[in-house]
Amino acid sequence: MDSFLDGLSQIFTFTTLIYMLAGSIAGIVAAAIPGFTVTMAIVLTLPLTFSMEPLQGIAVMLSVYVGGYTGGLISAALLGIPGTPSSVATTFDAFPMARNGEAGRALSLGVWASFFGTVISTIVLIVAAPPLAIIAVKLGPWEYFSLIVFALTIVASLVGSSVIRGMLAGLIGLAISTVGTDPIMGRPRFDFGVEMLQAGLPFLVVLIGIFAISQLTSEVEDAKSVRSGTSLVAGSIDFQTWKVMKEVLGRPVNLIRSSMVGVLIGALPGAGGSIANLVAYDQAKRASKTPEKFGRGIPDGVVASEAGNSATAGGGLIPLIGLGIPGSAVDAILMASLMVHGISVGPRLMLDHADLVYGMFIAMAVASLMMLFVSLVSMRLFLRVAQTPKWVIVPVVMVCCVVGSFALNNRVTDLYLLGFIGVAGYVLRELGYSLAPLVLGVILGPIAETNLRRALMTDGDPMLFVTRPISLLFLAAAFVSIVWAIRSHLKKQKYYIEDTSDASTS
């Protein structure tokens with residue numbers, strides 16, 4: 001109790017709360033800009049915390065962390081462009097809702113789902129950090145590869161109207177992920193002698209090109225609508241705060257399930273929000289009685305994605321606090337911040353620095369409240385920006401995309417890649433290909449390859465993938481997922497044939 005009160009007293013000081021509020025605003029704004037990820041925001045914040053007390057510095061970075069997971073919602077809903085990799089699935093339903101005149105409702109759903117997702121993950125973090133951390137650290141490359149195989153089956157539910165085109169898009173994404181340097185041996189491959197391909201295709205450049213450039217190009221196809229001053233989204237800008245809060249709480253199963261998916265995936269080192277939001281969305285679609293409505297602007301899709309990605313913030317701290325193992329790049333930066341202040345991060349962290357650990361728990365809860373406050377105050381302003389004419393907003397967003405792509409590695413060649421990938425994304429969109437499977441392939445491809453090769457290098461026996469219980473469990477889940485997807489598509493095709501025959505008979 002003394003440690004808890006000590007941590008509480010350190011967090012609830014005027015200076016710390018002001019710094020945390022500034023961090024929350026910075027995280028939301030940074031993540032709302034396509035190309036500026038949560039990790040980049042945390043890296044920029046780290047030097048500013050060196051002069052602070054350890055807990056104060058960690059609290060500020062946690063505020064940026066939590067705010068960043070919510071900020072990606074803004075551009076995802078209003079522009080159809082995921083602000084961060086962890087908000088890819090949010091675009092599937094939030095953007096159609098905004099296009100249908102419900103931009104305020106889409107943002108409200110996302111903000112409240114993010115808030116409750118963070119709160120649930122914080123509760124799990126406090127209660128289950130040590131045991132979950134022990135389980136997470138025991139997973140080997142066999143289990144991680146099987147997990148990624150299961151995650152790849154999500155492609156089947158994201159294929160859109162054509163299964164073949166969706167699968168082809170996923171294969172294109174996997175092929176893109178193999179270009180560049182071999183992740184294990186460090187040898188160049190599939191660069192075809194082209195210098196700009198030798199470093200590979202950076203994921204963020206692919207994400208911005210596929211979603212942002214292709215979407216912005218589609219917006220300016222109709223020159224008449226651009227000249228007339230048409231905005232990207234129309235309709236009500238009413239934020240409907242409390243009404244939507246009840247709507248989110250009215251979906252407790254989806255909210256809790258998606259949050260738990262985020263916690264569990266966040267606790268796995270190397271996974272993170274980019275996988276959690278897609279898995280949570282996929283599970284919500286599979287459990288829904290109306291899966292055909294997903295992708296057209298259904299609230300359950302927004303709730304699942306945002307609760308899932310925000311819950312990884314708490315989940316990622318589980319191995320860090322329990323075992324001293326960072327679960328993601330952001331957690332590694334948090335770990336570095338503690339080490340700068342002379343604090344040894346490891347299994348004894350909770351014993352030697354209990355006040356610091358309790359303070360981190362409290363900071364997570366306070367950061368979620370600040371994120372909610374900042375969002376409620378500022379979202380109406382963002383909604384006003386969304387009603388800016390296309391001829392203004394499109395070039396501004398395009399510049400942000402270019403700056404974000406360049407800032408990633410400070411390479412001019414990335415801008416050429418951005419242009420080529422953007423054109424390719426536009427062509428695929430016009431040909432009716434779903435872009436989500438492509439992005440999923442780019443995200444999961446390197447993780448799958450790295451863990452497969454590590455597993456085979458550790459032990460050449462491929463039967464270990466099915467003899468290790470947790471690996472077998474993930475593979476069984478992948479098999480069930482594929483069977484369920486095939487059954488759903490056959491059922492949909494059967495209904496379509498029956499509706500067509502009934503219409504022709506009438």
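1. The crossing of α4 and α5 is right-handed, a label given when the near helix is turned clockwise from the far one by less than a right angle. This is a predicted model, where local features need pLDDT of at least 70, side-chain atom pairs count only at pLDDT 80 or more, and totals for chains, interfaces and linings use all residues. Residues are numbered from 1 along each chain as its sequence is written, and side-chain values use heavy atoms, without hydrogens and water.

2. Helix α4 covers residues 54–78 and helix α5 residues 90–99; their axes lie 7 Å apart at an angle of about 55 degrees.

3. Ser-310 is buried, at a relative accessible area of 1% (buried means under 20%, with a 1.4 Å probe and protein chains only). Beyond neighbours within four places in sequence, Ser-310 contacts Tyr-69, Thr-70, Ser-114, Thr-118 and Ser-121.

4. Lastly, helix α7 (residues 141–152) has 12 residues and spans 16 Å from its first C-alpha to its last, close to the 16 Å expected at 1.5 Å a residue. Helix α7 is mostly covered, with 10 of its 12 residues buried; among them are Trp-142, Glu-143, Tyr-144 and Phe-145.

Terms used
Axes are lines fitted to C-alpha atoms, for helices over the stretch in contact, and angles run from 0 to 180 degrees between N-to-C directions. Helices (H or I, at least four residues) and strands (E, at least two) are DSSP runs, numbered from the N terminus. Buried means under 20% relative accessible area, exposed over 50%, partly exposed in between (1.4 Å probe, protein chains only). Contact means heavy atoms within 4.5 Å. The expected span of a helix is 1.5 Å times one less than its number of residues.
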